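Below is a walk through one structure, from its helix packing to its sheet and its core.

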Amino acid sequence: MASKRVVSDCRLLPSEKGCTLVIAGTENEVLPVAIRHAVDDHGEEDTPELRAHMKEMLREE
Ligand SMILES: [Zn+2]
């Protein structure tokens, strides 16, 4: 479980920038980075809803 790798793919998110960033690693590694990226680069607000959405977006590698 701890070593299972997941992927967060910005191409699955609606984005005016056409961001294609992919972040891969364990969920514990990917989630904070993906959330920070969404806030810093996508202008999202860091809310429980965003966190839940980012978590739903993770795919198994
Ligand atoms: Zn992005």
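In which sense, left-handed or right-handed, does H1 cross H2? The crossing of H1 past H2 is right-handed. Note that the model is predicted.

Two packed helices are described by the angle between their axes and the distance between the axes. Here, H1 and helix H2, which covers residues 48-57, pack at about 120°, and their axes are 10 Å apart. Angles from 65 to 115 degrees count as roughly perpendicular and those over 145 as roughly antiparallel; H1 and H2 are therefore oblique to each other. On the H1 side the contact is made by Leu 31, Ala 34, Ile 35 and Ala 38. H2 contributes Leu 50, Arg 51, Met 54 and Lys 55 to the contact.

The strands come next. Strands of a sheet pair through backbone hydrogen bonds, either parallel or antiparallel. In this model three strands form an open sheet, ordered E2-E1-E3, with antiparallel pairing. Strand E2 (22-26) and strand E3 (59-60) are at the edges with a single partner strand each, so one side of each has no neighbour in the sheet. H1 packs on this sheet and touches E1 and E2; the direction of H1 makes about 145° with that of E2. Strand E1, residues 5-9, is joined to E2 by five bridges in the antiparallel sense, and Asp 9 lies opposite Val 22 in E2.

Last, the core. The largest nonpolar core consists of five residues, namely Val 6, Val 30, Ala 34, Ala 38 and Met 54. Helix H1 (residues 27-42) gives the most to this core, three residues. Leaving aside residues up to four places away in sequence, Val 30 touches Val 6, Ser 8, Ile 23, Ala 24, Gly 25 and Leu 58.

How values were computed:
Residues numbered from 1 in each chain as written. Predicted model: local features only at pLDDT ≥ 70, side-chain atom pairs only at ≥ 80, totals over all residues. Core = buried A, V, L, I, M, F, W, Y, C linked by C-beta atoms within 7 Å. Buried ≥ 20, exposed ≤ 12 C-beta atoms within 10 Å, placed from the backbone. Helix = DSSP H or I, 4+ residues; strand = E, 2+ residues; numbered from the N terminus. Contact = placed C-beta atoms within 7 Å. Pairing = 2+ DSSP bridges. Axes fitted to C-alpha atoms, helices over the stretch in contact; angles between N-to-C directions. Parallel < 35°, antiparallel > 145°, perpendicular 65-115°, else oblique. Left-handed = near helix turned anticlockwise from the far one by under 90°.
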